[in-house]
Every structure is written in C-alpha cells, then in structure tokens.
Amino acid sequence: MAFAELSIADHVATVRLNRPEALNAISGEVANELAGAILQAAATPEAWAVVLTAAGDRAFCVGADLKERNRLGDAGWLRNRILMRSLFESLRALPQPSIAAVFGHALGGGFELALSCDLIVAAEDALFGLPEVRVGIVPGGGGTQLLARAIGAARAKELIFTGRRITAVEALDIGLVSRVVEREALEASTMELAREICRSSPAGVREAKRAIDRGWEVPLEVGIELEDLAWRRAVASEDRREGIAAFNDKRDPQWKGR
C-alpha cells in the first residue's frame, strides 16, 4: 500500500497522506513517501496549486509515529530526524501555492504539515495542537517558527508550552486558518479555493509567494527589493503578455505558467 498518493486534475495537484488505520501517523517510511510525492508535484509544470489532504475520517494526521520511535535508539532518532526534516522542507519549498484540507485531529507533526502550507481550510471538527513538550520533546517540523509567525509569539508560546488543543473556530478567530466549512464540504471547498487561485497567472502567483516568504523577516526596504525582483521576473513572463492582452481583448487569459 502506498502511504502517499499524487493526482493532478485541472492544474491542481492533490497529495494524499494514506495511512488511515494509524490515524495517518508519520513513520520514517511515510515521511519518505510523502516527501517524494510533494517533490513530484513541485516538479510538475502543469500543477499550478497543491492541495495536501489525508485519507480516513478521524484524523488529518496525529503527528509522528510514537510506536515506531519507542523502538528507536538514540542513533535511530537522529536518522528519523533526517527523514522528518526532509518532509517538512519539501512542503515549505513548494514553488506553487499550497492548501491543507484539515479534518479531525491535526496534532504535532500533523499540525506542522498544515502550518507548512500557505493556506489552511478546516472542517468544523478539526482540532489543532502541538503536544510535543508533554512527552519531553519540542515541535521539530517548523512548529515553533511557523506558529509564531502565523499568530504571534505570545499566543504561540501559550499553545506550545501547554500543548493545548484548539478548535477550528478558535483557529479561524486567531487567523490561523482561512476558512471553516462543514465536514462534508471540506474537499469541495478546498478544491474551489485551489481552482480560484489557478485562475490567476501561475507565474505571477509563484513570484508573489516567493516575495512574501522571503520578505517576511527581513527589513522593509530589503523586502521591497525582493518584491521588485519578483515584479521584474513576472513582467518578463509569457503570462504577463497574455494577461494584459486578454484584459484588453475582454477574454479569459490562457495561462502558460511561464
């Protein structure tokens, strides 16, 4: 059985975590397969947006496979760490915009998978949490950095220090998720958002994402320079020529993504 599945339709790549019998817990093998699917999506020119979802009905992902880790020695923990870091780095490095479709439990590394995406659409039953300190470790998939950037340092510290879980509604209130929808509408709502993004120039969206991500923690004037570089790359693209022509012709643009 494949632990990660990749499909592409209408310029949207869907990466599905597929280990529902273990609540989609991330073992070393799962991390390796999931990273491979993400890298394949990143390298697919016709994929203009990426959706990260999961199989099953109880959990998006409960984080690292602690049963596997219980069998590891110190050296095994460090080898496992390499696989885990590669997974989260592959997701954060996606050039396309990414959306996590979250339902049920999204805990530890599962929450960090969602945080590593650009946007989160949450079902009403979603529960988010970083409980790592409760078992003597710290979030290691970017949680300490990504959560603080998303909701501010004070709120992030409170959630990480206590391991408290928050509902989808609270996550929406603090700006962590983009939308909260009924569970039955999660897939359709996420795909609707992805397809809406795909109506924009893929080249322009990629450059905007790069400018935002790289400019987040640098001085404003450095960020403005990064934005200028992104603007220049977008202006040199075929998409810019097509977009302006389509506007003047009063027709829908036919994007090339380059």
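**Buried cysteines, a core and a helix**

User: Why is Cys198 called buried?

Analyst: In this predicted model, Cys198 has 10% relative accessibility. Buried means under 20%, so Cys198 counts as buried.

User: And what makes Cys117 buried or exposed?

Analyst: Its relative accessibility is 7%. The cut-off for buried is under 20%, so Cys117 counts as buried too.

User: How do you know whether the sulfur of Cys198 is in a bond or too far for one?

Analyst: Happy to go through that. A disulfide needs two cysteine sulfur atoms within 2.5 Å. The closest cysteine sulfur to that of Cys198 belongs to Cys117 and lies 15 Å away, so it is too far for a bond.

User: How many disulfides does the count come to?

Analyst: The count is zero. Cys117 is in none, as its nearest cysteine sulfur, in Cys61, is 12 Å away.

User: Back to Cys198: which residues are buried in helix 8?

Analyst: Along with Cys198, they are Leu186, Ser189, Thr190, Met191, Leu193, Ala194 and Ile197. The buried residues of this helix pack against strands 2, 3, 5, 7 and 10, and against helix 9.

User: Which residues have the most contacts inside the largest nonpolar core?

Analyst: That core has 66 residues, and Leu34, Phe60, Val102, Leu113, Phe128, Leu147 and Leu176 have the most contacts inside it. Helix 1 (residues 28–42) gives the most to this core, with seven residues.

Technical notes
Residues are numbered from 1 along each chain as its sequence is written. This is a predicted model: local features need pLDDT of at least 70, side-chain atom pairs count only at pLDDT 80 or more; totals for chains, interfaces and linings use all residues. Side-chain values use heavy atoms; hydrogens and water are left out. A nonpolar core is a set of buried Ala, Val, Leu, Ile, Met, Phe, Trp, Tyr and Cys residues joined through side-chain atoms within 4.5 Å. Buried means under 20% relative accessible area, exposed over 50%, partly exposed in between (1.4 Å probe, protein chains only). Helices (H or I, at least four residues) and strands (E, at least two) are DSSP runs, numbered from the N terminus. Contact means heavy atoms within 4.5 Å.
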